[in-house]
Amino acid sequence: MIGRRTGQTLLAGGLLLTLATGCGVRPSIVITGRPAVSGPSQGIGLYLLRQGELVLVLRPAKAQGTPDTALALLAAGPDQTERGRGLTSEVPAGIAPVTSEVDQAGDLTVRTASAARALSENAVNQIVCTAADAAAQAGLVVSFAPVTIVGPDGTRPPQPCPIK
Amino acid sequence: MTLWRWVGARVSGLRVRLVLAFALLGVITTVAVASGSYFQARNVILQQAQDAAVMSLTDQLTKVYPITQLPPTQGELDLLAQRLSDREGSVVVIYRDLWAQGSDSLDLLTPELRQDVGDGRIAWQRVSSEGEPWLLIGTQLRFARADGSSRPSGLEVYSVRSLVAEQQSIDRLATLAWLTGGLSLVLAVLLALLAARGVLRPVRDLGRAARRLGEGDLSTRLTVRGVDELADVARTFNDTARTLERQVGELRRLESDARRFVADVSHELRTPLAAMTAVTDVLDEEAEHLPGDAGRAARLVSQETQNLTQLVNDLIEISRFDSGTARLALDDVDVAAAVTAALRIRGWLDRVRTELPPGVVVRLDPRRLDVIVANLVGNAFRHGAEPVSVRLSADPDWVTIEVADQGPGLDPEVLPHVFDRLYKADTARTRSEGSGLGLAISWENARLHRDGERRGSLVAGNRPGGGAVFTLRLPRDTADAGDAR
């Protein structure tokens, strides 16, 4: 008898609670859907630094740039406006002229004019990401292909761009 | 205590239980159905609104491409935000630490939403701000690569839309659900009352009929409706009542036959007895001259004839009571004088202690009072022991006469049967001097006096000090329509 009473009370209480709390539009947790919107870009992309962070910069251009043009622009450093926005570069201007080539295995190799081994971590990432992006954009390599930097002083081990 | 029991009986009554059961069933069903459909509909409404908003935002965002320059200036961000904002919602565009918005709603963005958007997926979330529900949708703007993958541009777009319209639709649903629940509850209670009436009416009829039957109305019958269990009960009740009525009728017929027989026999005996009495009167006169045994025999015959006459007269009196033909001859009587007269006629005045306050005038039948007093005092002399006392008392409603003696009193076993007809207290003594009907006649005479609800009575008992006492109570204003029954 007591058990039945308790059960009934619980049932009624539960229903009331549901009705009391379940009305209207309740706040929800974050719901995730499809991958983010993506679309085409136009211009030459290079990676500069902003407070030590890699930032994609899109320079207006008529055609898609080759890895070489992009690397040349990277070696030239940020322009006036970009510097005004706090963008910097750790890539020394001395690496130009820079060339790039794709080998049989589909790996990308960048050849610099100045010492490759002395490049800072950020500078290496800037070069790798810029070259890989431009090459992928041009359809030369698959995305996230590792890039090998070769300088007069030797070769750095191949590494991919850290930005996904 | 009784109030609580009454309330308890009401609450646990069939009607209340039926109503509660129906109401509970109705409420549970309605709550289950209404809340189920309410939650379902709410989810559908919200999901559709969210999906439509997400679709509309992504459609708009495809028009932003191709993007030709990064990083954007504040002006470009503002322009983009304004272009994307419409009347359904405002848009916030964020590029790293720069942001632009159609209206002020940035503080609605939650860190977890920004986190999930930063992970590269479209994400949305419902939040509540100032009592209003809002839908936040966020996405990165990414650049597509030739191979189908994409890279982040650093731009994030958040759409902030009010869900007030959806809230109103959902509130309408809730109102509808409550209304449905209330209506169904009312309906359930009505149905329960109807069902309870259908069940309770036959039960009530049955109860009423049973009560009437118990009060002696043996012709009570129930109307049998339908073919259900209650109809069976009603049928059984009718059968029982019919059998009872037949048997009681049979018994009554037998009894009245017996009484009529006694009455007839008594009447038939009266004429020969009158003749015999005339003859014994002559015999009595001659008895003194008759020698020895003949004289004793003549006196014996005379005595027994007198006794027989008394018995027959008593029987006729009794049969009058039984047939309901006994009538009172009422008169305003001074009770003390009437009692004294009754005693004096029988020569008992000197032997009886009387306590008769004068001036008690009561409307009664003096002949019957005389019969009662004579019988009670005679019994006291015959069965009890002297001194015998007669005490009269009166109050505004009643007059009481107590006749007491100093004998051994009445045996407790005898007491309940004292007024039975022809009851012999001493079974060994088969012949008594009385007819055995005297007390029965006195009792009937006492009861014959009545005034509305008040009815005369004669009660036998024992006094604490020993001795029997008979108490006669008569109403002071006996109505004229004195009827034995």
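Which way does α7(B) pass α10(B), in a left-handed or a right-handed crossing? The legends below get to that, after a word on the model.

This is a predicted model, in which local features need pLDDT of at least 70, side-chain atom pairs count only at pLDDT 80 or more, and totals for chains, interfaces and linings use all residues. Residues are numbered from 1 along each chain as its sequence is written, while chains are lettered from A and ligands numbered from 1 in the order in which they are written.

**View 1. Helices α7 and α10 of chain B pack together.** Helices here are DSSP runs of H or I with at least four residues, strands are runs of E with at least two, and both are numbered from the N terminus. Helix α7 (residues 292-323) of chain B meets helix α10 (residues 438-448) of chain B at an angle of about 35°, with the axes 10 Å apart. Axes are lines fitted to C-alpha atoms, for helices over the stretch in contact, and angles run from 0 to 180 degrees between N-to-C directions. To settle the opening question, α7(B) passes α10(B) in a left-handed crossing (the near helix is turned anticlockwise from the far one by less than a right angle; clockwise would be right-handed). On the α7(B) side look for B:D314, B:E317, B:I318 and B:F321, which meet B:A440, B:I441 and B:E444 in α10(B). Contact means C-beta atoms, placed from the backbone, within 7 Å. By class, this contact has four nonpolar, no polar and three charged residues (Ala, Val, Leu, Ile, Met, Phe, Trp, Tyr, Cys and Pro are nonpolar; Asp, Glu, Lys and Arg are charged; the others, Gly among them, are polar).

**View 2. Chain B touches chain A.** Chain B puts 48 residues into the contact and chain A 37 residues. Among the elements of chain B giving two or more residues are α2 (14-62), β4 (132-144) and α5 (164-214). The chain B side divides into 23 nonpolar, 15 polar and ten charged residues. Strand β2 (residues 37-39) of chain A runs parallel to β4(B), joined by three bridges; strands count as paired if DSSP finds at least two bridges between them. Here A:G39 stands opposite B:F143. The model scores ipTM 0.80 and pTM 0.57.

View 3. Strands β3 (residues 44-50) and β4 (residues 53-59) of chain A are antiparallel over seven bridges, with A:Y47 opposite A:L56. Six of the seven residues of β3(A) are buried (20 or more other C-beta atoms within 10 Å of a residue's own, C-beta atoms being placed from the backbone).

**View 4. Four strands of chain A make an open sheet.** The order is β5-β6-β7-β8, with mixed pairing. β5 (99-102) and β8 (154-155) of chain A each have a single partner strand, so one side of each lacks a neighbour in the sheet. β5(A) runs antiparallel to β6 (residues 108-111) of chain A over four bridges, and A:T99 stands opposite A:R111.

**View 5. Strand β10 of chain B pairs with β9 and with β14.** β9 (residues 388-394) and β10 of chain B pair antiparallel over six bridges, and three residues join them in a hairpin. Bridge partners include B:R391 and B:E402. Strand β14 (residues 468-475) of chain B is antiparallel to β10(B) through seven bridges, B:A404 partnering B:V469.

Key
Contact = placed C-beta atoms within 7 Å. Buried ≥ 20, exposed ≤ 12 C-beta atoms within 10 Å, placed from the backbone.
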